[in-house]
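My entries follow in the order I checked them.

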Amino acid sequence: MIRRPVAAVSAVLLVVVALVALVAGCGSDNGGAKTSSTQAPVAKVELAPDNAAADVNPTVPVSVTVGNGTIDQVALTNTNGKQVAGELSPDKHKYTITEPLGYSAKYTWSGTAIGTDGKPVPIDGAFTTLAPKNAVPATVNIADNQEVGIAAPIILQFKASVQNKSAVEKALSITTDPPTEGAWAWFPDDNGSRLHWRPKNYWVPGTTVHVSAKLYGLDLGNGNYGYSDLTTDFRIGRSQIVKANAPSHRMQVVRDGQTVFDFAVSYGEGNEPRNVTRSGVHVVTEKYEDFMMTNPPFYENVRERWAVRISNNGEFIHANPESVAAQGSANVTNGCINLSPGDAQAYFPTALYGDPVEVVGTSIPLSAADGDLYDWTIDWNTWTTMSALKGAPSQVVTATPVPPQPAGGR
C-alpha cells in the first residue's frame, strides 16, 4: 500500500468539496430559472363602464378588454335577458358593444377569458344606465326624400323646453352639396322648444341636404334627455317665387327666373288690421284642394278651393269666385290672396312646401304674431345672434350623407 502524505489528501478533499459546492450552486440557479418560466401571468379582465357603475349614459362606449389572454366567449344582456349586439376584435382581446343601450336599465356581463397560462377567468359584472325625468321626443319638419322650395327652413320641434341649448346645437349637423352657409336660431317656445336652420340666402336649386341630430342620451337640462336621434335627407327643387304686389292687384309666379303666370288678384282690403295682407317673405307650408275656412264673426265653415297656406295667421292663396269682379282692380279680401277658380287651379299643383311668397305694398309687416314661419323677415345679422353658440353662422361642407344607424339593445 502506498501511503500519501497528509497534505496531499487534504488538498484532494478541498478540491472535491469545491466541486460539490459548485455543482450545488449551479443546480440552485437552474431550478430558480425553471420556476420563473412556468409562472405565466393569468388573464386580466377590464370592463367599461366599471363593474357596479350607476347612472351610465346609454351612449357611452361599452366594452370588455382582456390582457394576458383572449376572450373565449362573452355576452352583455339587458334586463329582459336579450343579448346586446357587439363585435369581437380579430385578436380576441376586446369585445365592443355596437348598438345604443336603453335608459333605466341594468346590463350584465357573462363569459370566459383564457389566460396565457391556459386557465379560464370569468367575465362578469353589471352596470345600470341613467333614468331621465323625461325622455323628450323631437321632430323634424322635412321628410326623407322630400323635395322642397328654396325658402324652406329646417325646423326641430321638441316636446318640452330645452335648457341646454348649446349642447343641442353641438349635437346637430347640416351637410349640403353644394356648400351652403346657414345658421341655427332658437325661436320662442311653442309647446316645447323649437330650433330653425336656414341658409343666409335662398337655397340653390338642386341642393342636396343631410340633417343629423344626435339627440339620444343628450342632457337637455332639468332632468330631460333626448328620446332618439333624428336624420333626414332631402332635396331643394326648382326656384319658384311668388311676387305679390298689393297695390298692383296682380301676382306673378316666377320659375327659374321666368314669369310663368301673371294673375289678376285681390289682396286684403286693409281698412283694419285684421284684413291687411302682411308684407314680407311668406313661406308655403301646406295646400288643400278643398278647405273649410272660418273667421268669426265674419264667416264660418266656408268651403274654399285650391287653397295654399302661406302663414299661420290664416293667409292663403286660394280661389274665390265671389271676389272675381274685384280681382285685378281692387283689394277687398279679409287678408288672403284671391284668384279666379281657373287661375287658382293652375297655380295649385306648382306650389311646393318652402316656396317663398314675397308680399310688398301693405301697411303691416309679417312678424312673430303671424305664426312660426317668419324666418325670412329676420335680417341675417339678427338671425345669427339667435344661436346659442355665440351667434356664429355655420359653414357646411359637401359630404356623402350618412344613413341613420339602428338603435337597438333597448
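Helices (H or I, at least four residues) and strands (E, at least two) are DSSP runs, numbered from the N terminus. I kept in mind that this is a predicted model: local features need pLDDT of at least 70, side-chain atom pairs count only at pLDDT 80 or more, and totals for chains, interfaces and linings use all residues. Residues are numbered from 1 along each chain as its sequence is written, and side-chain values use heavy atoms, with hydrogens and water left out.

**Entry: cis peptides**

I looked up the peptide bonds and the phi angles. Most residues other than glycine have a negative phi, and most peptide bonds are trans. I found a cis bond between D177 and P178, with omega about 10°. P178 sits in the loop between β13 and β14. Another cis bond joins A48 and P49, with omega about 0°. P49 belongs to the loop between β1 (44–48) and β2 (63–67).

**Entry: positive phi**

S104 is not a glycine, yet its phi is positive, about 50°. I placed S104 in the loop between β5 and β6. D256 also has a positive phi, near 50°. Its loop runs between β21 (250–255) and β22 (258–264). Is D256 buried, exposed or partly exposed? Buried means under 20% relative accessible area, exposed over 50%, and partly exposed in between (1.4 Å probe, protein chains only). D256 has 48% relative accessibility, so it counts as partly exposed.

**Entry: strand β19**

Next I followed β19 (residues 230–236). Its covered face holds L230, T232, F234 and I236. T231, D233 and R235 make up the uncovered face. Which strands does it pair with? Two strands pair if DSSP finds at least two bridges between them. β16 (residues 208–213) runs antiparallel to β19, joined by 6 bridges. There, T208 stands opposite R235. β11 (residues 147–148) runs parallel to β19, with 2 bridges. V148 has I236 as its bridge partner.

**Entry: aromatic rings**

I counted rings of Phe, Tyr and Trp (its six-membered ring) as a pair if their centres lie within 6.5 Å; planes under 30 degrees apart are stacked, over 60 edge-to-face, and the rest tilted. The count comes to 14 aromatic pairs. Y95 and W109 form an edge-to-face pair, 6.4 Å centre to centre with 80° between the planes. Y95 is in β5 (residues 94–97) and W109 in β6 (residues 106–115), 14 residues apart. Both Y95 and W109 are buried. F158 and W186 are stacked, at 6.4 Å and 25°. F158 lies in β12 (residues 154–158) and W186 in β14 (residues 181–187), so this pair ties together parts 28 residues apart in sequence. F158 and W186 are both buried. Ring pairs also link Y103, Y216 and Y225 into a cluster.

**Entry: nonpolar cores**

A nonpolar core here is a set of buried Ala, Val, Leu, Ile, Met, Phe, Trp, Tyr and Cys residues joined through side-chain atoms within 4.5 Å. The largest has 36 residues, and I154, F158, V168 and L215 touch the most other members. Among the elements giving it two or more residues are β14, β16 and β19. β12 gives the largest share, 4 residues. Apart from it lies another core, of 22 residues, including W306 and F348.
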